Amino acid sequence: MNNSVSYASPSYAGFKLRALAGLGENATQPGANIGNIHSASLQYDSGRFSANAAVETRKTTAANTDRFYALGASYAVGTVKASVLAQARRDDLDVARNDAFELGLSIPAGPGTLLLDAGRFRNRSVTDADATALSIRYDYNLSKRSMLYAGAATIRNSARSRFGINGNTGAALAVAAGDDPRSLVLGVRHTF
């Protein structure tokens with residue numbers, strides 16, 4: 001991010017610390033620290049096991065700071081890799097309070113990899129605004145730099161949630177509250 005300083009420690013006994021401090025550019029309310037971001041994370045890697053814990057604060061208004069917490073881990077059993085991620089967001093005004101939980105599997109299959117993912121979002125500020133997502137994708141390696149992929153995803157939105165599925169542009173198409181979007185993807189990726 002702009003106007004920031006970050007630090008990544010060397011690895012010591014599998015542990016690595018990262019920290020970032022960034023100053024927001026706020027011309028409308030100088031001195032209010034709006035836009036400032038601070039984050040820290042601790043990563044641990046040991047053979048087939050990896051874990052990371054992170055916290056971030058972001059000053060959004062003179063009266064509010066958002067806080068984000070995340071804890072993730074992965075473990076490889078043979079060639080299969082399982083992962084779990086838990087996230088939480090809290091703010092001073094009690095407007096943005098939510099939790100997310102995700103499970104993933106990466107399974108080698110033939111010359112490629114099968115990816116399975118399930119996630120759950122719980123909105124603690126708005127009732128009936130939760131969502132559940134499921135996805136499956138197969139990545140077929142043509143070479144070290146080229147890959148074909150195919151997949152499907154769906155999101156089941158509660159009556160007041162409107163999560164969409166991101167496309168290759170990064171932005172999801174607009175979804176009406178309570179609608180359940182589905183997608184199919186086919187593509188080629190080449191790394192230069």
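**Surface patch, aromatic cluster and overall fold**

On the surface, Y140, L142, L148 and V188 form a nonpolar patch with about 360 Å² of accessible area together. Patches of this kind gather nonpolar side chains (Val, Leu, Ile, Met, Phe, Trp, Tyr) within 5 Å, from residues with over 30% relative accessible area and no salt bridge, while like charges are joined within 9 Å; a salt bridge is a side-chain nitrogen of Lys or Arg within 4 Å of a carboxyl oxygen of Asp or Glu. Accessible areas come from the Shrake-Rupley method with a 1.4 Å probe, and for residues only the protein chains shown count as cover.

The model is predicted: local features need pLDDT of at least 70 and side-chain atom pairs count only at pLDDT 80 or more, while totals for chains, interfaces and linings use all residues. Residues are numbered from 1 along each chain as its sequence is written, and side-chain values use heavy atoms, leaving out hydrogens and water.

A search of the whole structure finds four aromatic pairs. Rings of Phe, Tyr and Trp (its six-membered ring) pair if their centres lie within 6.5 Å; planes under 30 degrees apart count as stacked, over 60 as edge-to-face and the rest as tilted. The rings of F15 and Y44 have centres 4.6 Å apart and planes at 45 degrees, so this pair is tilted. It links distant parts of the chain, with F15 in strand β2 (residues 15-22) and Y44 in strand β3 (residues 37-46), 29 residues apart. Y44 and F49 also make a tilted pair, because their ring planes stand at 50 degrees, with centres 6.3 Å apart. F15 is partly exposed at 41% relative accessibility, as are Y44 at 25% and F49 at 32%.

Turning to the whole fold, the protein chain has zero helices and 11 strands. Helices (H or I, at least four residues) and strands (E, at least two) are DSSP runs, numbered from the N terminus. Buried residues make up 23% of the 192 residues in the chain. The C-alpha trace spans about 60 × 50 × 30 Å along its principal axes. The chain exposes about 12500 Å², of which carbon and sulfur atoms supply 59%.

Conventions
Buried < 20%, exposed > 50% of the residue type's maximum accessible area, 1.4 Å probe, protein only.
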